[in-house]
Amino acid sequence: MNINIPDEYKVNSKIPIKEFIPKFLKPEQKRRIRNSIRSVIITHQIAGQKIPSFVDENNRCEVIQFFDIEIGNMKDAPFVANIYQAVIKSPCVIHFYDAVSESYSFGLKRLNRQDENEIVVEYAFITKPFSRVLPSSQKDALLSAIAYENIRCKVNKLSFYNEMFVKAYVVHNVTAYQKAFQLLNTNLWYDADKTVALYSAYKDLVSQKYMLSKSTTQAEKLPYNIKIKQNIEILNNFLEEK
C-alpha cells in the first residue's frame, strides 16, 4: 500500500485466498476470482478511538481497512473490486496491482435498512490504472490528497473516509473541472457537510458531461449545458470561500 498511513495502524495480515472467497458467490464468480487473485493483505486498519467511530441508523463506521490485492492482470481489477466493495462491510481502500500497473478502489456504503448486518454500496469507483514504474502526476496527486496527514476532517471515521473518497473521486475525474486541483487545497475539507455537498456537485458535473457527450442535437444538449454551468458555479463558490 502506497498510501501514507501512520505505522500505528499497520497490521500486514495476509489472508489465505481460499478464506477470502465468499461462499455465497456463484461458481463462475469463484472460479474467476481464484484465477485472478494472487495474494491478499490487510495492510492497515484505522481502529480505536483516536479518530472516533460513527454509528447511527444508516452507518456503522468503526474501522477503516486498507487492502493490497495482487492480481494476475489489471483488466480483472474492476470485477474483483465490485465483488469486494460489496463483501467488505467496513469502508475500505483496495490497492490492486499486477506486474506493471496499479489502481485504487473506493466505495460509499450504508447499512441495509431491512437488515443492519448487511451493507449497501451506494457508489463505488476504481481509478484508471497507473504505471508502477513510470512517473505519474495524477497518481502522485491522488496519493498526496488521501495521505493521512492531508485528511482534514477527523471528526470521526465516517468523515475521514468520506473526505478520502471525495478527494480520490475529484482526482479520478480531474478533467471534468478546470480548477479541480485547486479544490484539494481549500479549507472546505474541515467541514463534513461541505465535503458531501462538493461531492454531490462534482458527481453531477461528471454525469452531465457524460450525457452531453452522448447528445447530438442542440435541443438535447441544452439541459445538460445548463446543469453543467450550475455545478461549475457551485464548485467555483467553494473556491471563493477559501
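A disulfide here is a pair of cysteine sulfur atoms within 2.5 Å. This is a predicted model, in which local features need pLDDT of at least 70, side-chain atom pairs count only at pLDDT 80 or more, and totals for chains, interfaces and linings use all residues. Residues are numbered from 1 along each chain as its sequence is written, and side-chain values use heavy atoms, leaving out hydrogens and water.

Q: How many disulfides does this rule give?
A: The count comes to 0 disulfides. Cys-61 is in none, as the nearest cysteine sulfur, that of Cys-92, is 11 Å away.

Q: What makes Cys-61 buried?
A: Buried means under 20% relative accessible area (exposed is over 50%, partly exposed in between, with a 1.4 Å probe and protein chains only). Cys-61 has 1%, so Cys-61 is buried.

Q: Why is Cys-153 called buried?
A: Its relative accessible area is 3%, so Cys-153 is buried.

Q: Why are H2 and H3 called oblique to each other?
A: The axes of H2 (residues 27–36) and H3 (residues 77–87) cross at roughly 120° and come within 11 Å. Angles under 35 degrees count as roughly parallel, over 145 as roughly antiparallel, 65 to 115 as roughly perpendicular and the rest as oblique. H2 and H3 are therefore oblique.

Note on methods. Axes fitted to C-alpha atoms, helices over the stretch in contact; angles between N-to-C directions. Helix = DSSP H or I, 4+ residues; strand = E, 2+ residues; numbered from the N terminus.
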